[in-house]
Amino acid sequence: MVCVLYFAKSAELSGVREELLQVDTPINSQDLWTRLLGLRVLQGHVVLAVRHQYVAIDDQEALTLRDGDEVAVVPPLSGG
Amino acid sequence: MSSQSPPLGASKKGRDIFKLSHHRLSVEDVVAAVGSASCGAISLFIGTTREDQSESGKVIGLEYEAYEPMVQSELAELCRRLRARWPDLAHICVHHRLGWVRVGEASVVAAVSSPHRHDGQRALVCLLDGLKANVPVWKKEVYEDRKASWKENAECAWASCHGNHDAQTMIGQ
């Protein structure tokens, strides 16, 4: 079970700030992306963060997720 | 017989100080955080909220949110890179707002202290570039008509306006 955190535009689109997700691992980031709620409009302009490291969404990126891991949905940044 | 003491400053480690705050930022606090007797220069940046215009009218303020644990780790990594490039830097401090920020208020205050100004000034530019590219903070512009839109930094690799440094794109409303 991993905890998915939604930020900024992705939180508005999904309607939630966080959700628990049951996933098998390893899983590639593309497959994980398909499990996430209603975020199609962000396609191509979003990355994930797993254990505080940015991860691109593609089928090459194999993730080994551990129970209790945090996965963040990261729309384009606008800090500073 | 006393042992030889190390050269002045050799055992002193530079401080990296970060703060996210829901309250008004204090420039004085940031400057005080990087002050050092060995430094001849403090390079300072203040990012303020502009009163931009759009079809929805004037910007009345910004709403900021952040993935706080990762802000810490990304800023720490950024400072590591800055110190590797400019080993003479003394201290680095970044304070960033969260929550509602009115037009005219500071949203970010950043300062770097260094023995001489050139390293500090260059490091400050890189600090801001790195902050905009990698630190997980987001801002939403709110307009007179209460509509809002999330902004994107051109520095961010996955922004739709990436590479276009004069443009920021609004993604949906």
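User: What should I know before I start reading?

Analyst: The model is predicted, so local features need pLDDT of at least 70 and side-chain atom pairs count only at pLDDT 80 or more, while totals for chains, interfaces and linings use all residues. Residues are numbered from 1 along each chain as its sequence is written, chains are lettered from A and ligands numbered from 1 in the order in which they are written, and side-chain values use heavy atoms, with hydrogens and water left out.

User: Thanks! What area is buried between chain A and chain B?

Analyst: Here is the general idea. The size of an interface is often given as the accessible area lost when the parts come together. Buried area is the accessible area (1.4 Å probe) that two parts lose on being put together, summed over both. In this model about 2300 Å² is buried between chain A and chain B, with carbon and sulfur atoms giving 60% of that area. On the chain A side, Leu77(A), Ser78(A) and Gly80(A) lose the most area to chain B, and together they make up 30% of what that side buries.

User: Are Arg17(A) and Glu65(B) buried, partly exposed or exposed?

Analyst: Buried means under 20% relative accessible area, exposed over 50%, and partly exposed in between (1.4 Å probe, protein chains only). Arg17(A) is partly exposed, because its relative accessible area is 47%. Glu65(B) counts as buried, because its relative accessibility is 13%.

User: Which residue meets Glu105(B) in a salt bridge?

Analyst: The partner is Arg24(B), at 3.6 Å, N to O. Glu105(B) lies in the loop between β6 (99–102) and β7 (106–114) of chain B, and Arg24(B) in the loop between β1 (16–21) and α1 (27–34) of chain B, so the pair ties together parts that are 81 residues apart in sequence. Glu105(B) counts as buried at 10% relative accessibility, whereas Arg24(B) counts as exposed at 63%. There is also a salt bridge between Asp52(B) and Arg50(B), with the closest N and O atoms 3.1 Å apart. Salt bridges that share partners join Arg24(B), Arg97(B), Arg102(B) and Glu105(B) into one network.

User: Where does Leu65(A) lie, and which residues does Leu65(A) touch?

Analyst: Leu65(A) is in the loop between β6 (62–63) and β7 of chain A. It counts as buried, because its relative accessibility is 6%. Not counting residues up to four places away in sequence, Leu65(A) touches several residues, including Val2(A), Thr25(A), Arg51(A) and Val71(A). Leu65(A) and Met1(A) are 64 residues apart in sequence, yet 8.8 Å apart in space, C-alpha to C-alpha.

User: What about the backbone?

Analyst: Let's take the peptide bond and then phi. A cis peptide bond joins Thr25(A) and Pro26(A), with omega about 5°. Pro26(A) is in the loop between β2 (18–21) and β3 (27–28) of chain A. Arg51(A) is not a glycine, but has a positive phi of about 50°. This residue is in the loop between β4 and β5 of chain A. Arg146(B), also not a glycine, has a positive phi of about 75°. Arg146(B) lies in the loop between β8 (137–143) and β9 (148–150) of chain B, and counts as exposed at 64% relative accessibility.

Terms used:
Helices (H or I, at least four residues) and strands (E, at least two) are DSSP runs, numbered from the N terminus. Contact means heavy atoms within 4.5 Å. A salt bridge is a side-chain nitrogen of Lys or Arg within 4 Å of a carboxyl oxygen of Asp or Glu.
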